[in-house]
Amino acid sequence: MPTPPLRRATTAAALSAAILMTVSACGDDAASGGAAEPSAAATVAGVTIAKDAALHSALPAKIRESGVVRVATDVPYAPFEMFVTEGKPELTGLDYDLGQALGAKLGVRFAFTPQKFDGIVPAVQAGKFDAAMSAMTDNKERQAVVDFVDYSVSGSGIMVVKGNPAKIATLDDLCGKKAAVQAATNQLALLQAHQAKCKTAGKAEIDIQTFPKDSDAQLALRSDKVVAQVQTKPAVGWTAKTADQGNAFEVVDDPAAAGGYGASPNGIAVSKKLPQLSDAIQKALQALIDDGTVTKIFEKYGVASIAVKEATKNAAVD
């Protein structure tokens with residue numbers, strides 16, 4: 001799978017064109033479950049979250065009255081958004097769980113509706129949704145039409161077989177060794193760019209093995225044809241947690257690149273017409289960071305290293 005900024009990015013021309021498109025009406029569907037008032041508390045990732053009355057009062061009046069924040073998401077994109085059962089509308093995933101936690105803290109419900117990714121920003125701008133949670137990269141281009149509350153920072157990560165027999169700790173340790181990567185991805189570019197550092201260190205270049213699909217690269221790792229696979233940090237975290245019940249692979253966590261190599265922020269996109277909502281979400285997110293809820297949610301999906309320690313707004317690095 002290409003890195004999220006590739007899959008989740010739009011060119012300026014495409015974005016401008018998309019904003020001018022007529023966006024079809026989107027109502028709550030089975031995935032978002034109607035507009036019932038949320039319960040007084042909710043349990044997410046084993047944590048019980050209660051409504052904060054002050055944060056609820058800070059919400060825009062129309063959201064307080066409806067009790068719902070309408071959220072667009074593109075499903076599936078593991079581990080951020082997934083269907084619990086293929087062919088059925090019930091959702092799960094990091095973004096979905098975080099949305100439920102934020103809703104509980106704010107005293108409203110985050111109602112998720114599947115939407116094609118390239119139509120999400122135009123739909124938010126057109127008022128069909130209040131916000132979007134879809135592993136969306138916060139960049140300057142998108143900030144022209146939406147505001148971001150940033151909740152993760154992710155880039156490329158390294159996955160090895162359980163036990164890490166080749167003792168890979170950083171990208172430098174791949175010099176002179178075989179590493180698997182999907183063709184035409186940011187991860188391939190990352191390895192190619194690192195070759196100069198290998199030479200400078202007096203080491204052999206990385207023997208880059210490219211594959212048409214991530215699953216093919218993973219098979220090469222399983223069969224010991226390579227010592228590591230380079231993929232997005234969220235993807236390696238999720239794969240390591242779920243493959244063979246967590247017994248097949250592990251993630252190499254380089255302290256110098258906790259969120260991954262070439263990391264960029266991912267954020268909750270909020271309509272610029274609702275500044276009170278983005279402010280309230282930022283404060284609710286910070287509260288959930290401070291009490292450890294965010295860590296629990298990210299740990300559930302094997303990606304604790306990409307969680308931010310401070311809820312920022314519009315923190316694009318481009």
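**Figure 1. The end of helix α12 and the glycine after it.** Helix α12 is followed by Gly 302, whose phi is positive, near 75 degrees; helices here are DSSP runs of H or I with at least four residues, strands are runs of E with at least two, and both are numbered from the N terminus. The model shown is predicted, so local features need pLDDT of at least 70 and side-chain atom pairs count only at pLDDT 80 or more, while totals for chains, interfaces and linings use all residues. Residues are numbered from 1 along each chain as its sequence is written, and side-chain values use heavy atoms, with hydrogens and water left out.

**Figure 2. Helix α5 against helix α12.** Helix α5 (residues 94-106) packs with helix α12 (residues 293-300) at an angle of about 155 degrees, and their axes are 9 Å apart; the axes are lines fitted to C-alpha atoms, for helices over the stretch in contact, and angles run from 0 to 180 degrees between N-to-C directions. That angle makes α5 roughly antiparallel to α12, a term for angles over 145 degrees. In the contact, where heavy atoms lie within 4.5 Å, Leu 94, Asp 97, Leu 98 and Ala 101 of α5 meet Thr 293, Val 294, Ile 297, Phe 298 and Lys 300 of α12. The residues of this contact divide into six nonpolar, one polar and two charged, where Ala, Val, Leu, Ile, Met, Phe, Trp, Tyr, Cys and Pro count as nonpolar, Asp, Glu, Lys and Arg as charged, and the others, Gly among them, as polar.

**Figure 3. The buried side of helix α12.** Thr 293, Val 294, Ile 297 and Phe 298 are the buried residues of α12, where buried means under 20% relative accessible area, exposed over 50%, and partly exposed in between, with a 1.4 Å probe and protein chains only. They cover an arc of only 130 degrees around the axis, which puts them on the same side of α12; the arc is that of the directions from the helix axis to the C-beta atoms. The elements that these buried residues pack against include β1 (41-44), β2 (47-50) and β14 (307-313).

Figure 4. Although Asn 164 is not a glycine, its phi is positive, at about 45 degrees. Asn 164 counts as buried, because its relative accessibility is 11%.

Terms used. Angles under 35 degrees count as roughly parallel, over 145 as roughly antiparallel, 65 to 115 as roughly perpendicular and the rest as oblique.
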